[in-house]
Amino acid sequence: MRTRYKYFLLCLLLCVSCHHKKPLTPYEAEHITYIETGKTTPDSLVNFACSLAGTPYKYGSVDPREGFDCSGFVTYVFNHFCIMVPRMSVDFTPVQRPIPLQEAKLGDLILFTGSDSCIRIVGHMGIISSTPGEPLRFMHAMSGKNGGVVETDFHTRYYEARYIKTIRIFPDSTAR
């Protein structure tokens, strides 16, 4: 519950600093189904995400001074641009519209199972950092001894087995 309260306070602060009409309630923050990206571009979002490479892993954190978990990293990156997103990876399941993996573009989100690929519930996520025609890569915060914010190739047995879906966040006209 402390994490949700901290996230609610973060949403409240962002709404004030970004001049939103009203802050999100805790329920609204947890049940976002559409993400409004405004004038933010996929390039600027991914460049900022890449600037966080090397930030350590810390479960339940959205604070770069402490580290990030996977959804904390995504939340922090989007919130940096005053874009409100769900806090937990599983809450991204109903967001936006799924797209075929082969159509993934810079700034799309990629969702995976948790570490047990047999449990087909979203438990990990990242931001697509490659452009069409390049090998598919994504930025994410991963746990483990080599953990933290890293860029990873998708085409490994581990991630291909855990893949659930890709979602388009930016309108097609602004994504490459």
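Mentor: Gladly, and one term comes before the rest: buried means under 20% relative accessible area, exposed over 50%, and partly exposed in between, with a 1.4 Å probe and protein chains only. This is a predicted model, where local features need pLDDT of at least 70, side-chain atom pairs count only at pLDDT 80 or more, and totals for chains, interfaces and linings use all residues. Residues are numbered from 1 along each chain as its sequence is written, and side-chain values use heavy atoms, leaving out hydrogens and water.

Trainee: Is threonine 37 buried or exposed?

Mentor: Threonine 37 sits in the loop between helix H2 (26-30) and helix H3 (42-51); helices are DSSP runs of H or I with at least four residues, strands are E runs of at least two, and both are numbered from the N terminus. Its relative accessible area is 5%. Because that value falls under 20%, threonine 37 is buried.

Trainee: Which side chain does histidine 140 join in a polar contact of 2.8 Å?

Mentor: Histidine 140 belongs to strand E6 (residues 137-142) and is buried, at 0% relative accessible area. A polar contact is a pair of N or O atoms within 3.5 Å; within protein, one must be able to donate a hydrogen and the other to accept it, and residues adjacent in sequence count only if both atoms are side-chain atoms. The partner side chain is that of histidine 124.

Trainee: How many disulfides does the structure hold?

Mentor: A disulfide is counted when a pair of cysteine sulfur atoms lies within 2.5 Å. Cysteine 50 is partly exposed at 32%, and cysteine 118 is exposed at 68%. The number of disulfides is zero.
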